[in-house]
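Please look over the sequence and the model first.

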Amino acid sequence: MSNLDAETVQFVRETMIPPSAPPGRETGAVKWMRENLFSSWFNVIMTLLAIWFIWHFFVPMIPWFVNGVWNADSLRECREILDGRTGGCFAVLSERWKQLLFGFYPQTEYWRPILMFIWLAVAAAPIMFDNLPRKLLIATAIYPFAMVWLIWGGSIWGVLSVAAGFGLGYVAFKFADRKLEGLIPLLVGLAVAVVWWLFLRGPVAGGLQSILPFGLPSVGSRELGGFLICLIIGVSGIALSLPIGIILALGRISNLPLVKMICVGFIEFIRGVPLITLLFVASLLLNYFLPPKVTFDLVLRVIVMVTLFSSAYLAEVIRGGLAALPKGQYEAADALGLSYWQAQRLIIMPQALKISIPGIVNSFIGLFMDTSLVMFIGIFDMLGLAKAIRANTAWIGIYWELYIFIGLVFWVCCFGMSQYSQWLERKLRTDHH
């Protein structure tokens with residue numbers, strides 16, 4: 001073959017050349033630090049300041065945790081074990097963790113709040129994640145009533161009679177919704193439920209208990225405390241304030257003058273009063289305005305006040321979401337011939353709630369942290385129990401160990417809510433490019 005023929009022969013490679021590794025500064029930790037910590041002169045300064053702060057304030061705390069004492073009967077014994085070394089006395093947590101979690105709840109009945117914790121996770125799962133079996137919603141519907149019965153005990157017929165009031169109210173609402181529009185069917189259902197609870201529930205529950213007695217040992221509200229009472233108030237307030245906040249938001253933009261006036265007055269009044277004031281009203285003054293021989297449990301009164309307080313703030317958050325919707329969404333619902341509640345359930349409210357997710361979760365986090373205020377009305381939450389533990393002669397002078405543990409518990413709960421809200425926002429986004 002001539003040299004000319006050799007130059008005109010085409011060559012086709014049968015194998016691919018393996019790709020070259022990217023430069024070291026474009027991968028891994030080096031790339032992350034270059035883009036996030038040293039991307040500009042301002043970030044360089046802030047990174048160096050952060051390193052200095054961590055080195056001078058957090059590094060000296062490492063021996064305090066590493067040398068911590070977990071087995072001791074008093075602070076004095078902890079100091080003897082440490083023998084002059086720097087270290088925390090975590091033995092107070094080893095000895096009192098049950099009290100911090102369950103308060104003064106009888107130890108023989110610990111299985112009841114533990115079952116409540118587990119059931120709460122099962123009940124919340126189908127609401128938080130839509131890929132789970134819908135049959136789990138049965139556990140969700142039963143949970144509020146089961147939780148009350150498990151924690152306080154007593155006759156099961158009392159709890160079932162309360163549940164029956166919700167059922168009767170729902171039936172009355174559906175019946176009225178066929179003939180009436182707007183918020184009127186909801187008011188009818190609420191009226192039926194209130195009449196049942198005030199006048200019929202007691203005799204019916206008492207009669208059933210006399211015929212077929214069944215219940216758990218009663219536990220007084222004064223025996224509740226610690227993380228248990230924070231969880232009860234927080235979960236109850238969150239679960240109850242969201243639907244009430246939705247109703248208040250709809251009432252505030254309603255065309256019915258009386259309904260609008262009531263909702264606006266309630267929201268503005270509650271938002272203008274500190275929560276601690278409402279808690280003192282629930283603790284000290286509320287019984288003076290009740291009929292003779294009618295009393296409400298203190299924890300129930302606190303739940304009511306916390307729920308009303310949170311619902312007023314949620315109403316404004318949700319109203320902002322409703323205001324952000326274009327007018328065409330309402331017109332589309334009317335064009336489809338949907339009733340008021342059908343339009344709200346299928347078109348308006350899902351979009352408004354999606355817009356309002358950050359504000360709603362922010363209110364929930366604030367509500368959960370505000371449960372610590374019950375300490376001021378004589379309910380021993382974790383902070384109240386920490387104060388009582390430090391008053392014990394064996395643990396006088398201990399501070400950081402208790403408050404770090406309490407802060408960590410609150411942080412885990414609030415951080416979990418925050419992360420879930422961010423995940424939900426990403427899942428519901430429809431503006432991906």
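The sections below go from the whole chain to single residues.

## Overall form

The model is predicted. Its chain holds 19 helices and two strands. The radius of gyration is 30 Å, well over the 22 Å that the globule rule gives for 433 residues, so the chain is more spread out than a compact globule. Along the principal axes, the C-alpha atoms fill a box of roughly 115 × 80 × 45 Å.

Of the 433 residues, 35% count as buried. Among contacts with a separation of 6 or more, 70% are between residues 24 or more positions apart.

## Surface and charge

The chain has an accessible surface of about 26,300 Å². Carbon and sulfur atoms account for 69% of that surface. There are 31 positive and 25 negative side chains, and the centres of these two sets are 9 Å apart.

## Annotated transmembrane regions

An unreviewed UniProt entry places the feature "transmembrane region" at residues 41-66, 110-129, 183-204, 224-250, 262-286, 298-318, 355-380 and 400-420. Two of these spans can be described in the model. Residues 110-129 are 90% helix and 0% strand, with end C-alpha atoms 29 Å apart.

Which residues of helix 6 are buried? In this helix, residues 91-102, the buried ones are Ala-91, Val-92, Leu-93, Arg-96, Gln-99, Leu-100 and Phe-102. An α-helix has 3.6 residues a turn, so residues three or four places apart point the same way. The cover over the buried residues of helix 6 includes helix 5 (75-82), helix 7 (111-128), helix 11 (226-252), helix 18 (382-390) and helix 19 (400-428). Just after helix 6 comes Gly-103, which takes a positive phi of about 70°.

The loop between helix 5 and helix 6 contains Asp-83. Most residues other than glycine have a negative phi. Asp-83 is not a glycine, yet its phi is positive, at about 55°. Asp-83 counts as exposed because its relative accessibility is 65%, and the cut-off for exposed is over 50%.

Leu-150 is part of helix 8, residues 137-152. Why does Leu-150 count as buried? Its relative accessibility is 5%, and buried means under 20%. Not counting residues up to four places away in sequence, Leu-150 touches Tyr-105, Trp-111, Arg-112, Leu-115, Met-116, Trp-119 and Leu-216. Arg-76 is 74 residues from Leu-150 along the chain, and their C-alpha atoms are separated by 40 Å.

Ser-310 belongs to helix 14, residues 298-324. Ser-310 is buried, with a relative accessible area of 5%. Leaving aside neighbours within four places in sequence, Ser-310 is in contact with Ser-241 and Leu-367.

From Phe-175 to Ser-218 the distance is 38 Å, C-alpha to C-alpha, and the two are 43 residues apart in sequence.

How values were computed: Residues are numbered from 1 along each chain as its sequence is written. Side-chain values use heavy atoms; hydrogens and water are left out. UniProt positions are given in the numbering used here, feature names are shortened, and annotations may be inferred rather than shown by experiment. Helices (H or I, at least four residues) and strands (E, at least two) are DSSP runs, numbered from the N terminus. The radius of gyration is taken over C-alpha atoms; the globule rule is 2.2 Å times the number of residues to the power 0.38. Buried means under 20% relative accessible area, exposed over 50%, partly exposed in between (1.4 Å probe, protein chains only). Contact means heavy atoms within 4.5 Å. Accessible areas come from the Shrake-Rupley method with a 1.4 Å probe; for residues, only the protein chains shown count as cover. Lys and Arg count as positive and Asp and Glu as negative; His and the chain ends are not counted. The place of a charge is taken as NZ of Lys, CZ of Arg, CG of Asp or CD of Glu.
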